[in-house]
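Have the picture open while you read.

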Amino acid sequence: MELYSTNNRDLRVSFQEAVFNSLPADKGLYMPIEIPQLSGHFIANLQQYSLPEIAFEVARKLIGNVIPEADLKAIIDEAINFDAPVKLLSSEIAVLELFHGPSLAFKDFGARFMSRVMAYFSANDGQTLDVLVATSGDTGGAVALGFLGVPGTRVTILYPKGKVSPVQELQLTTNGQNIRAVEVDGTFDDCQALVKEAFNDKDLNERFNLTSANSINIARLIPQTFYYFYAYAQLKSQGINEVVFSVPSGNFGNIGAGILAYKMGLPVQQFIAATNVNDTVPRFLRNGSYEPRPSVQTLANAMDVGNPSNWVRIMDLFGGDIEQVRKQVTTYTYTDAETQQAIQTLFEQYGYVACPHTAIAWLAATAYRERHPGSYATVFLSTAHPCKFPEVFAPEVARRIVIPQQVKALEGGKKAITPLGVDFDGFKQYLLDNGTV
Ligand SMILES: *Cc1c(COP(=O)(O)O)cnc(C)c1O
């Protein structure tokens, strides 16, 4: 696999380089030079394969021989070790549940795969790989649990004090082993600024082998393609061959992976990008001008993104042609009041409890169906388990949330937290004083 930068098509980097850099120096995004095609035979017989088998075939095609097949298979069997079931709510609408991993969110796919790929490439370095992550909640949990116990790695998570949910805090702070939690007395932006400054600090770079677990890392995008193929496989086994995916979108990494799967040969009629009021992409597709805005806080806070970092990847996949994007991607935008109502309706109509992000995807799925009647199935992606957002539910809905085993297992755990301020010197000193794993 070779990659270029969306800002410079002449740049050529290896998969390994793209994984450790996350971003090219020119601030573009890495994209594969060639998008491999899966065979028609494989697509036609998808229903015969398990999720890890599909994942292996897709990854092998994309990554090529940089990771030998036996090693790639071991990485996948370890990383993709939980299910992604499609559940039919009616004959035409289904939910793809992506929250059965350790952090109860779809980001587990990306984080678990990336952690093992990084560990694989740095296995012979002799130096610990130090991963620094700033999180507002979901990413940090997935990265912490994704790297937990992975040999040769250590993760330092920075999160804003008092701004993550109780379940998220447990996921960030009770791990021990190679995971450390730093509670910053500030905002998410302060956390991000500290991490950024650490990457630019000469002393820290001399002392440590630093890397980020950035959400735009190519090793997080690749595994997110797997479940689109697997969802299609499950529908095929029910006799359904036509599918529309509705994806709750923030940074547009999830839907970007779906579009990559489509470009590799997965037959998808249409993608629906469902957003909250942070609607930079819907506005762009309406009026053709890309105008990012500061993010606005909503109930679906993992989608509160004013300038979606993966959008350039999607433009790139369509050769920069907005008309091509408009043909394949429909957008809908919803307010918090509509999201609340959708959670209630899903519960009353189907007995289904959805997190706010998922509820937005369902709204968009039903809106699209109304305008485009047909025999296809609309699959909306459920990106997180509702127990991660307890504050949004009415009591009668909240009572129906079944707390998963993963959370129960954390509840007795001991929290280990290092509180720090927003000044860089304090953070730097903390890293230097706690140098060894
Ligand atoms: C991150 C996240 C999203 C948004 O995904 P993107 O890839 O950023 O578009 C949606 N829902 C949940 C629960 C998330 O954690």
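## Helix 5 meets helix 6

Keep in mind that this is a predicted model. Start with helix 5 and helix 6, which cross in a right-handed way. Helix 5 covers residues 107–121 and helix 6 covers residues 138–147; their axes lie 8 Å apart, at an angle of about 40°. That angle is why helix 5 counts as oblique to helix 6.

So who touches whom? On the helix 5 side you'll find K107, D108, A111, R112, M114, S115, R116 and M118, and on the helix 6 side D138, T139, A142, V143, L145, G146 and F147. Sorted by class, this contact has seven nonpolar residues, along with five charged and three polar ones.

## Helix 4 meets helix 5

Helix 5 has another partner to look at: helix 4, made of residues 69–79. Here the two axes cross at roughly 145° and come within 9 Å. This crossing, too, is right-handed.

Helix 4 brings D71, I75, I76, E78 and A79 to the contact, while helix 5 brings R112, F113, R116, V117 and Y120. Split by class, the residues here are six nonpolar and four charged, with no polar ones.

## Around the ligand

How many residues surround the ligand? There are 15, and the closest are K107, D138, G250, N251 and T383.

Now zoom in on some individual atoms. With N251, the backbone takes part: one of its N or O atoms lies 2.7 Å from an oxygen atom of the ligand. F252 also uses its backbone, with a polar atom there 2.9 Å from a ligand oxygen.

How values were computed:
Residues numbered from 1 in each chain as written. Predicted model: local features only at pLDDT ≥ 70, side-chain atom pairs only at ≥ 80, totals over all residues. Heavy atoms only, no water. Axes fitted to C-alpha atoms, helices over the stretch in contact; angles between N-to-C directions. Helix = DSSP H or I, 4+ residues; strand = E, 2+ residues; numbered from the N terminus. Parallel < 35°, antiparallel > 145°, perpendicular 65-115°, else oblique. Left-handed = near helix turned anticlockwise from the far one by under 90°. Contact = heavy atoms within 4.5 Å. Nonpolar A, V, L, I, M, F, W, Y, C, P; charged D, E, K, R; others polar. Near = heavy atom within 4 Å. Polar contact = N/O pair within 3.5 Å; in protein donor to acceptor, adjacent residues only side chain to side chain.
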